[in-house]
Number of protein chains: 2
Amino acid sequence: MTGTIIPVRTASASYDVEIAPGLLAEVGERVAALLPAGPRMFVVTSPGIWALHGEAFLKGFATAPTVLEVPAGEQHKRLATVERLAEQMAEAGADRDSVLIAFSGGVLGDMTGFLAAGYMRGIRYIQVPTTALAQIDSAIGGKTGVNLAAGKNLFGAFHHPLAVYADTAVLATLPDAELRAGLQEAVKAGIIRDRALFEYMDEHSETVLAGDVAALTHVIAESVRVKAKVVAADEKESGERMLLNLGHTLGHAIEAATKYKALLHGEAVAWGMLAAIGIAERRALVTTDEAERMGRVIRAYGPLKNFSANVGDLVALTAKDKKNRSGSRSFVLPIGIGDATVVRDVSPAELTDAAEAMMELRGEQVTA
Amino acid sequence: MTGTIIPVRTASASYDVEIAPGLLAEVGERVAALLPAGPRMFVVTSPGIWALHGEAFLKGFATAPTVLEVPAGEQHKRLATVERLAEQMAEAGADRDSVLIAFSGGVLGDMTGFLAAGYMRGIRYIQVPTTALAQIDSAIGGKTGVNLAAGKNLFGAFHHPLAVYADTAVLATLPDAELRAGLQEAVKAGIIRDRALFEYMDEHSETVLAGDVAALTHVIAESVRVKAKVVAADEKESGERMLLNLGHTLGHAIEAATKYKALLHGEAVAWGMLAAIGIAERRALVTTDEAERMGRVIRAYGPLKNFSANVGDLVALTAKDKKNRSGSRSFVLPIGIGDATVVRDVSPAELTDAAEAMMELRGEQVTA
């Protein structure tokens, strides 16, 4: 079996993302073909994923890799966890030729990538993402890192994987809310760069959300294609790559204001996208019809969970966004459906209006 | 005033090392010329260095940078310290345009470089090294990192500074043992790549060790020239750059066996060089005359402090060296004076012999 293969080509790295249902049982063979010298391998995974999929994962490996388990959850995505894993690797004799495999969702995947970036100043790693969010977004493009108390992903590195293997059949074991939240990143990919993907997601939302594996595989693959293109154009996020942050400025603020407990990342991004679309509509970058259609599709992949936050706090938190430079606030806005731009002139007042309008939608959502 | 300027040119970075006595008071002006946009600046330093040199350092700055103090010492060179500094920066509003300045010896300099490599996935930094070891070696070449419990510098990144400013007059305030230990890295530079430097250090050891600023500046500058050449040829330590590790394989083992408490880094490296020279002599890579001359110069920059360790433990510890790949032990050996090579076939028996001979020299040294 060969799945859909999407190449990622950047100035510093070149690798393939393979996407197919049932790919998990073949990861071992793929890795053996990629690394014929047979280096020491270490898998970082969560107890939950390993219990569900460990057996299938091990099927293709002639020699079982060493398994390092880490509890899932943002609260563990910290330097202390990275240090503990690095100590375990050193104890087990990992050297510069050793290879890490992140078999996990995005939180653990980001952390494993950073572990690979830092261990002996950089070893190779492979991503085997198990959530929609990770398959669409976080496993691709080389952004790795951990959280600080001051904010998410504030400490990390750019370090690309050797390969990404995404088994879309694994998504069937996700909690429904997690699948839906992850698919918001696919909606985002459509809005910023691929109108056809957006329209497919609009027209086939029921099939996709029912977990139809062919429809899901199509959505994941087309989203990966968007991500690969954007990353190829701008590896280090100096321009084009910022577009991937549509909905993330306010989304991160909502996550921070609710202490990362009320919403999944994709849900917070969905709220942030609604606010960004509102700003774009008032700036006439999108028509009212386009704004309504985008809002409708975002909600179709909801429901968007309710949360409590103060608008003033949210606006203040966006001032801390990692994308800001020398004090000016960066914001991604859609231009119609299928294009987007980065602006730096969103005023606190404009942002306050948009956040207030978003908060009203939130009330509406609750009663729906 | 313009000091000696030595360019470092690698595939990924291009910057200058400036070396001059009294340079400290001009660092602010240099930085302002380098970064005309006037970004936020953060200085990482130790309380001891700041008390001695903070005033001179601030002289050239129109706007005082934010000072972050960290206690000196290997035990603080850990991810927990990096995390604490990163949180302080985030609290103070550091963004992707902010710039770090490492005003310190090698331990803090390595850690500050890593803080810069990881903060928001990479910000710019400048090295203002205050010890002989840092000016000769660690501030140049982009190796950054922290220690794990399992070993020194096991977690880090390659991240080059924007510039390095080395004020050789500052070395006069170093404890004598620290100056001497640092100069062992200059002896090493001479042995592996620069016979003229080695001979200068042989002939002028008294002047250099008396702290004559012109002689010291010459030795530092010529050592930097060796380091810059080696790093330009092999940025990521796949070949040539390993030569800089002459004496480091056993040196690191001695440091680990004595829990980093008995010897300064340069002293451990000096012992390691003596062992490597012993192996090279038995392999006829160096003549007995050359071996004796190198041993004499290393001792001239001593005395080499005594330490207690078990030869079996030392040999076992070299098996954990970061330079090893897929289980084979790498070892740097001199070829005559001014050249060196990396070998991978040093047997445990050969290493044991060399370590035992080194331990005997140690006894001799004690009585001297």
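Helices (H or I, at least four residues) and strands (E, at least two) are DSSP runs, numbered from the N terminus. The model is predicted: local features need pLDDT of at least 70, side-chain atom pairs count only at pLDDT 80 or more, and totals for chains, interfaces and linings use all residues. Residues are numbered from 1 along each chain as its sequence is written, chains are lettered from A in the order in which they are written, and side-chain values use heavy atoms, with hydrogens and water left out.

**View 1. A:Phe114 in its helix.** A:Phe114 lies in helix 4 of chain A, residues 106-118. Its relative accessibility is 2%, so A:Phe114 counts as buried (buried means under 20% relative accessible area, with a 1.4 Å probe and protein chains only). Contact means heavy atoms within 4.5 Å. Not counting residues up to four places away in sequence, A:Phe114 touches A:Leu79, A:Val82, A:Thr144, A:Gly145, A:Val146, A:Phe155, A:Gly156 and A:Ala157, and also B:Phe114 and B:Phe155. A:Asn310 is 196 residues from A:Phe114 in sequence and 33 Å from it in space, C-alpha to C-alpha.

**View 2. The axis between the copies.** A rotation of 180 degrees, with 0.0 Å of shift along its axis, superposes chain A on chain B. The RMSD is 0.0 Å (least squares on the C-alpha atoms of residues with pLDDT of at least 70 in both copies). The two copies are thus related as by a two-fold rotation axis. In chain A, the C-alpha of A:Leu79 is nearest the axis, 3.3 Å from it.

**View 3. The interface as a whole.** In chain A, 37 residues are in contact with 37 residues of chain B. Of the interface residues of chain A, 100% are also interface residues in chain B, so the copies meet through the same surface. The area buried between the chains is about 3,400 Å², and carbon and sulfur atoms give 52% of it (the accessible area, 1.4 Å probe, that two parts lose on being put together, summed over both). A:Arg96, A:Arg121 and A:Phe155 supply 24% of the area that chain A buries against chain B, more than any other three residues.

**View 4. A salt bridge across the interface.** The side chains of B:Arg78 and A:Glu83 meet in a salt bridge, 3.1 Å from N to O (a side-chain nitrogen of Lys or Arg within 4 Å of a carboxyl oxygen of Asp or Glu). Across the interface of chain A and chain B, the rule finds four salt bridges. Helix 3 (79-91), helix 4, strand 7 (143-148) and strand 8 (151-158) of chain A each give two or more residues to the side that touches chain B. Helix 3 gives the most, with seven residues.

Technical notes:
Buried means under 20% relative accessible area, exposed over 50%, partly exposed in between (1.4 Å probe, protein chains only).
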